[in-house]
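Q: I am new to this structure and would like to learn how to read it feature by feature. Could we begin with the strands and then turn to the helices?

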Amino acid sequence: MRNLFKIQKKIFTLTLIIIITFSLTSCNKKQDSDNSDTRKNIEFIVKMRSGDYWATVQMGANDAAKEFNVNMNFIAPDNELDIEGQKKLVNEAIDKKVDAIVLSASDYEKMAEVVNNAAANKIPVVLVDSGVNSDKSVSFISTDNVKAGKLAGEKLIENVGKNSKVAILSFVEGSENAINREKGIIDVLSNYPNVKLVAKEYCGSNEAMAKSLTKSIISMDNGLNGIVALNSAAALGAARALEELGLSGKIKLITFDSTILELQYVEKGVIQGTVVQNPFKMGYLGVKYAAMSARGNKVPKDENIDLKVIDKYNIYNPENQRFIFPFTK
Amino acid sequence: MKRISEKLSEYLDFKSIRFIITVSFACITVIAMIFMGILLSGKYSKASEQNVALSTMHVIEQVSLNLDNYEKSMVYITNIIERNINNAPQLPNSRLEEKLDVIFDTRDDIVSIAIFTNKGKLVEGTPFSKLKKDAKVTEEEWFYRGILNSNTTFLSAPHVENLFDGKYNWVLSLSKPVSFYYEGKMTQGVLLIDINFNSIEQLCQKVNLGKSGYIYILDSKNNIIYHPQQELIYNGLKSENNEEAYKNTYGTFKQKVNNEERLLTIKNVGYTDWKVVAISYMDELTTTKSSLTNFSIIILLLAIVFVITIFIFISAKITKPIKQLDESMKLVEEGDLDVKVDIKGDKEVVHLSRSFNLMIANIKQLMHQIVIEQESKRKSELDALQAQINPHFLYNTLDSIVWMAENGKSQDVITMVTSLARFFRISISRGKNIIYVREELEHAKNYLIIQKIRYKSKFNFCIEAEDEILQYKTLKLIIQPIIENALYHGIEYMVEEGFIKITAKKVEEKLLFEIQDNGLGMKAEVLENILSYTFNNKGGGSGVGVKNVHERIQLIFGREYGLEIESELEEGTTVRIYLPLFKDEEYEKFI
């Protein structure tokens with residue numbers, strides 16, 4: 001009988017131990033799962049530090065970083081021409097073993113190598129705004145720049161008529177966005193045989209250079225009717241030049257992007273129309289997809305961001321307001 | 001270890017009372033506990049849901065109160081400005097302008113204050129005094145609503161400030177109709193105060209509704225006035241399901257968005273037709289619920305272990321005496337009737353054990369009685385057998401007598417008849433079982449005389465006895481069967497002359513009859529079996545076998561007495577009969 005009691009004691013202690021270990025391990029598991037879900041580190045590398053466009057991208061990125069619970073580091077080389085600088089940033093991110101990279105590539109060809117490098121290190125790369133010549137990225141979030149170019153071209157024709165001379169003020173030679181926007185514009189212009197493209201210049205995303213280039217184009221050919229500026233720097237330079245020359249409204253200006261200064265020029269009538277992308281959405285989706293792929297989820301391979309053409313008549317539509325004026329917080 | 005496993009398997013015997021008690025009680029308890037647990041956790045989750053709804057309602061009321069207060073303060077400001085406008089004799093007025101500047105400076109949530117005529121002309125404004133070139137004041141909602149809504153204030157949805165050259169702030173426009181003298185005429189106009197959207201945001205931001213809960217504000221047309229992720233909503237990256245909010249002005253609802261259950265709480269803001277909507281996520285509730293469930297499962301498991309252990313002890317206590325009884329019964333089954341159980345415990349069990357003891361005692365007594373009865377029965381049987389005289393012996397003897405008479409051997413006839421008569425007299429002995437040793441020896445001698453004549457002196461015999469011995473008593477007719485045996489099996493087949501020697505003496509306070517012959521002897525296996533009860537005596541003889549003699553002696557006097565046989569082939573056999581040494585009066589103690 002005593003023996004039996006001993007056994008009962010043994011059984012009791014055994015079950016007790018089992019239960020305690022079970023509960024402890026279950027607690028540990030919980031902690032483990034919490035730890036495994038630690039905040040992912042995402043490196044957001046854009047083309048340059050300054051500019052309203054990138055500021056808005058960053059706002060979207062910040063919102064997404066908060067919502068998807070990731071650490072996001074928003075960096076860029078000093079200017080858009082510094083391709084080596086951007087390469088270095090990507091390579092540093094790879095060395096840091098970040099969980100994902102969001103990249104807006106400065107150069108279609110030259111940045112392909114680092115994107116492949118990141119993919120080889122099993123770091124997912126989400127491309128936003130401008131892509132690279134590589135299929136190793138997990139997602140490409142962009143505006144359809146050809147379509148943007150077409151919209152700009154149509155708006156130009158609407159303003160200058162079918163018999164006119166126009167110029168294109170582009171930003172960086174070789175940039176994929178520039179190439180595609182030009183292509184869209186030229187596609188539209190080719191439908192109008194009497195519209196002549198008299199000049200195409202690259203300002204290197206530099207406002208002052210854009211201004212002087214605009215002035216020189218105008219001085220070269222007095223019959224110029226319209227200019228298409230392919231990004232905000234080019235647009236502001238051109239607008240300043242037109243304002244200084246007293247040619248506001250006389251030489252029509254079609255631009256891209258929606259910085260506050262550009263919008264003011266739209267209201268003043270210096271800029272007749274601007275093709276607006278949605279940089280906020282781009283930044284937001286960039287971080288969202290990066291966070292998702294860092295956690296091993298599938299993301300859409302290609303995402304096109306909607307476009308709008310804004311002029312002084314539709315700028316304050318409730319819908320457009322929301323589209324172009326960021327909520328400053 | 002082996003013992004432990006044995007005990008364990010014994011315990012796990014599914015049919016044992018102990019197992020049944022433990023398992024059934026444990027099952028009942030566990031089911032009851034689980035039932036209670038489910039009931040309680042259901043109650044708890046309901047209560048916590050109500051709690052969340054209540055606290056959300058509380059939060060929302062706070063927010064709406066704050067908004068209300070804010071609006072009231074703004075309305076208060078418009079009233080002050082209106083009074084000042086009414087006091088001014090004519091607009092524009094420098095004193096009014098100063099007042100407006102003061103108000104503008106003290107309130108950093110005001111983006112601009114402006115007064116317009118009913119034609120949309122700017123009369124007075126701070127900090128901006130000039131409209132944008134293309135501003136179309138009369139098309140603005142606040143303007144025509146302000147003119148129409150006589151004497152009430154109108155509050156617009158958030159929009160981008162678009163009248164003055166500024167930073168494109170997001171503002172809410174508060175408008176109120178005013179009347180004043182302008183260019184010498186009494187004119188209807190509109191007072192406009194643009195409020196920075198941030199101020200509304202600040203009122204709603206500090207709200208805490210769990211980890212991911214939040215609030216947002218809707219206007220009467222279901223436009224979102226404020227949302228913590230307004231930018232995402234404006235960019236179409238997020239949307240809210242406002243169906244419930246549109247239909248109801250107050251209450252708590254459940255809705256499912258992206259597979260997440262959430263609690264929707266709606267409240268109207270007093271002054272305007274805005275609605276504050278609070279979202280709290282049910283899965284946050286359920287996480288606390290699941291942690292509670294986990295906790296209660298652990299408690300439950302511990303309780304189950306505890307209960308089972310308790311029941312193991314209790315059932316052991318209950319079944320211990322039953323088990324003891326069971327074990328005693330097993331001993332009884334094996335034939336041990338000296339078992340006595342002494343069990344302390346429940347009344348019933350004590351009673352049972354007493355009954356058990358009583359029963360065993362009865363059985364024992366009955367068994368004893370049966371043995372005695374059987375023995376006496378057997379004894380009388382054997383006595384009866386003993387008293388029988390083999391009829392063949394009588395025929396043969398009588399034949400011999402006739403034969404001798406015919407041959408005129410009258411001396412022999414006399415001897416034989418005399419011997420026969422003595423033989424029978426002693427055999428019968430007036431029905432007595434016990435006779436003197438002398439008589440027994442006489443009986444043997446007469447038998448031997450008869451047989452010697454019949455066997456034509458094929459053998460010789462002698463009988464020796466101590467004088468003292470002759471006075472003792474003995475069981476009758478015990479030597480004759482031995483002699484018969486010796487003659488039929490030992491001497492009859494001998495070639496030379498046989499010899500039988502009978503000795504009676506006292507050895508170690510016992511009476512000993514020794515019957516020796518020099519016959520053929522017996523084989524060892526025959527010798528071995530001759531006294532055992534299994535031996536089947538098929539030999540002829542007087543019908544009263546050696547075995548019966550042995551049995552009779554032992555039945556009457558006990559196992560220490562009886563026959564002892566020594567035998568060697570071709571050498572002869574010695575049979576020793578041991579009997580107790582007793583005289584007449586002492587015989588009673590054996591019966």
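Q: In what sense do strand 4 and strand 5 of chain A pair, and over how many bridges?
A: As a general idea, strands of a sheet pair through backbone hydrogen bonds, either parallel or antiparallel. In this predicted model, strand 4 (residues 125-128) and strand 5 (residues 139-143) of chain A pair in the parallel sense, over three bridges. If you look for one of the residue partners, Val128(A) has Ile141(A), in strand 5 of chain A, as its bridge partner.

Q: In what order do the six strands of the open sheet in chain A stand?
A: The order is 2-1-3-4-5-11, and the pairing in this open sheet of chain A is parallel. Strand 2 (70-75) and strand 11 (302-305) of chain A stand at the edges with a single partner strand each, so that one side of each is left without a neighbour in the sheet. From one strand to the next, the twist averages 15°.

Q: Which strands of chain A do helix 2 and helix 10 of chain A lie across?
A: Helix 2 of chain A lies across strand 1 (40-45) and strand 2 of chain A, and runs at about 165° to strand 2. Helix 10 of chain A lies across strands 1, 2, 3, 4, 5 and 11 of chain A, and runs at about 140° to strand 1.

Q: At what angle do helix 2 and helix 10 of chain A pack?
A: Helix 2 (residues 52-67) and helix 10 (residues 279-294) of chain A pack at about 40°, with their axes 6 Å apart, and these two helices of chain A are therefore oblique to each other. Their crossing is right-handed. The residues of this contact divide into eleven nonpolar, five polar and three charged; among those that meet are Tyr53(A) and Met59(A) in helix 2, and Phe280(A) and Met282(A) in helix 10.

Q: Is the crossing of helix 10 and helix 12 of chain B left-handed or right-handed?
A: Helix 10 of chain B passes helix 12 of chain B in a left-handed crossing. Helix 10 (residues 391-406) and helix 12 (residues 437-454) of chain B pack at an angle of about 60°, with their axes 10 Å apart, which makes helix 10 of chain B oblique to helix 12 of chain B. Here Asn396(B), Thr397(B) and Ser400(B) in helix 10 meet Ile450(B), Ile453(B) and Arg454(B) in helix 12.

Q: Where in chain B does pLDDT stay under 50?
A: Where pLDDT is low, the predicted coordinates should not be read in detail. The mean pLDDT of chain B is 81, and 92% of its residues reach 70 or more, but pLDDT stays under 50 over residues 534-543 of chain B.

Terms used. Residues are numbered from 1 along each chain as its sequence is written. Chains are lettered from A and ligands numbered from 1 in the order in which they are written. This is a predicted model: local features need pLDDT of at least 70, side-chain atom pairs count only at pLDDT 80 or more; totals for chains, interfaces and linings use all residues. Axes are lines fitted to C-alpha atoms, for helices over the stretch in contact, and angles run from 0 to 180 degrees between N-to-C directions. Helices (H or I, at least four residues) and strands (E, at least two) are DSSP runs, numbered from the N terminus. Angles under 35 degrees count as roughly parallel, over 145 as roughly antiparallel, 65 to 115 as roughly perpendicular and the rest as oblique. A crossing is left-handed if the near helix is turned anticlockwise from the far one by less than a right angle, and right-handed if clockwise. Two residues are in contact if their C-beta atoms, placed from the backbone, lie within 7 Å. Ala, Val, Leu, Ile, Met, Phe, Trp, Tyr, Cys and Pro count as nonpolar, Asp, Glu, Lys and Arg as charged, and the others, Gly among them, as polar. Two strands pair if DSSP finds at least two bridges between them. pLDDT is the predictor's confidence in each residue, from 0 to 100.
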